[in-house]
Amino acid sequence: MSPALPSYFFAALNAVGAPILVHAGDRILHANAALLRLLGYELAALQSMQFDAWASPQTRQALRDYGLRALHETGELPAAEAEAMTASGSLRYLELNAKAVALEGCGLLVVMTFQDLSDMRHVQSSLLDLSRVLHQIIENNPVATFVLDAEHRVTHWNAACSQLTGIPMSDLMLGEREAWQAFYKEKRPLLADLILSRGSLSEAADDELQDARELTSQLLPGAFEVERFFPHMGAQGRWLFLTAAPLMDAQGQIMGAIETLQDVTSRRLAEEELATHRRELERLVTDRTMELQGKHKELEAFLENASVGIITTANQSISRSNRHFAEMFELGDEAPLGLPSVEFFVDSNAYEELGRIAYPVLSRGESLQHEMEMRTRKGNLIWVQMIAYVADPANPAAGTWWLLQDRTEVKRVEGELKGNFERIKETNARLEEAQNQLLQSEKMASIGQLAAGVAHEINNPIGFVSSNLATLRRYVGQLFQLVEHYESSHRSNPDAAKQAGIDGLRADLDMDFLVEDLPQLLNESEEGLDRVKKIVQDLKDFSRVDQTDWQDADLNAGLESTLNVVMNEVKYKAEVIKQFGPLPRVHCRAAQLNQVFMNLIVNAAHAISERGVITLSTRQEGEWVCVSVRDSGTGMSEAVMRRIFEPFYTTKPVGKGTGLGLSLSFSIVKRHGGRIEVESQAGMGSCFKVWLPIVGPAEPEAS
């Protein structure tokens, strides 16, 4: 059990401003208010902990050893450090001292006092980081830089400085006063040395530096800058631009100097070369001036006789023009000088529109190329191609040059060519569509011929199988009559031994079952043959290879036969509801219409994702008949509906559709003088209505 501490001891501890903790080797007995504020715990929470529980896991064992050591050693122990985890989870760095204290009636206690070092640690870390950053700034600076301390010793010599001077840092002996060796053969003060000596350029021993007094820096007080030639650097010597500035401490005292070096050899050589070229240029300018005067006269003659119209405009009026401009705009003897530019445009809106187009281009100093319709002085409209550029982009008042060419005839021919091209494109598109539809039709015709051939070949074996079944039925009936007669005869003259044999054989053969089941088997076989005959007939009706010409056909029968042909495609996807009304015979090409019905029924089945309903209906309205195919599938959006009859347009996955089915169907119905109507809504299914005139198209195609 923890000893009870006297109240005066509590009061004394709480009166101390430093954080204090008391323990007897296990739980915390007391913590004063300063420690509670530091750790963020309530007193009761701390008293429930071991005396080392507030420390971080990394320092907890060391703290425990230190606290227990204080119980066994007299006197105050050396200070130790620990990391404290506060109640909020933050980490604090503490310095602590522990000393054993004996209280009457309480035994030996350990009093631990703390000092928060967190802020000090933060400052130290910040200073170290700052030092590293400054070192990296100097070291990684692409400008050659070195630093001297107050005693003229080298403290920094970055990589750029080593590269420029050819002397690495190690050769300068860090901390020595030998920086001058990188620049001179004899010892001389550098600019940084003058900064540290609190001197000036006028006090320098170097005569060449004395000549550079005027280069004292105007930007930074106390800084120097100078540009001079160092003949001993490099193979040919180097021109360097040197700058030096003082480094001050917090009290404003010079604690060092920093000097930067820039190799300006290339610039100085370029300046010398530039001066040489300038003298040569001045000579050339004199010669060229005389030459230009002659060229100016030639240019004036060229502008006046150019094959395009040339004008200069300033302040929205013509300030100069050539002869071809006057001819192009039908000025006659009227002088164009001073005429407002707007008078040659169709209207003021066209003039303003050209301004909106030309201003951004010309203001950037670029040339403008444009074409537009303009008006001659006599009111005739001409198509003009123009090129414009400003004489001086920096001076809008200098005017704008315009090169104008009459392209009226070219524009007319171009329009005719465009019209012809569009007509050719349209014709090619129609030819391509017709070719694709023809290929599809030929493919369907080939399939129809194949189906008809297969149907014909199937008809032969079906005929003799059907005939044989009829004969077999007759033979079986006769055999049954013979067996019945034998049995009747035997019953009239019974013989026990023979009767037993006959009865045993009759039981083994299950004669009664044979008599009952054999006729049923024959009936089922005949029904199967009838179904095969129906399928063959539907194939023949669908293909209609013998009915490719225009004829009067029963559309209900064609729709029925088409449905039977594609039933394998439909029966697993949808229930088919037939609502056929009475129809007159329609003048048409039945095989082509069967192809239309097949495309619509197959598309309806493909539009149903799982199980749905397809409704086929027919009706007559006046001189027209309507065949409707409605499905309960996914439906179509407005965007899809606008394109479904385009050749090669399909919403099916790649390899699942050609995009020619509906296009071909549309063309077939159109050739029959009819139309296809579509009603659809996304998620609500679709309905295709084929309207056909009963008497056929007004001018049917040739076969």
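This is a short talk on one protein chain and its predicted model.

Ground rules first. The model is predicted, so local features need pLDDT of at least 70, side-chain atom pairs count only at pLDDT 80 or more, and totals for chains, interfaces and linings use all residues. Residues are numbered from 1 along each chain as its sequence is written, and side-chain values use heavy atoms, with hydrogens and water left out.

Now the overall picture. The protein chain has 19 helices and 22 strands. Those are DSSP runs, numbered from the N terminus: helices are H or I, at least four residues, and strands are E, at least two. The chain has 703 residues, and 35% of them count as buried. Buried means under 20% relative accessible area, exposed over 50%, and partly exposed in between, with a 1.4 Å probe and protein chains only.

Contacts next. A contact means heavy atoms within 4.5 Å. Take those between residues at least 6 apart in sequence: 53% join residues at least 24 apart.

How far can we trust it? pLDDT is the predictor's confidence in each residue, from 0 to 100. Its mean over the chain is 80, and 82% of residues reach 70 or more. Strand β20, residues 624-631, has the highest confidence, at 94. Helix α8, residues 207-210, has the lowest, at a mean of 47. Over residues 199-214, pLDDT stays under 50, and the model has 25 contacts there beyond four places in sequence. Where pLDDT is low, the predicted coordinates should not be read in detail.

On to the rings. Rings of Phe, Tyr and Trp (its six-membered ring) pair if their centres lie within 6.5 Å; planes under 30 degrees apart count as stacked, over 60 as edge-to-face, and the rest as tilted. The whole structure gives 10 aromatic pairs. One of them is F325 with F329, a tilted pair at 4.9 Å centre to centre, with 40° between the planes. F325 and F329 are both buried. Elsewhere, ring pairs link F146, W157, F183, Y184 and F230 into a cluster.

Last stop, helix α19, residues 661-671. Which residues are buried in helix α19? They are L662, S663, L664, S665, S667, I668 and V669. Just after α19, G673 takes a positive phi of about 80°.

One side chain to finish: V133. V133 sits in helix α5, residues 118-140. V133 is partly exposed, with a relative accessible area of 42%.
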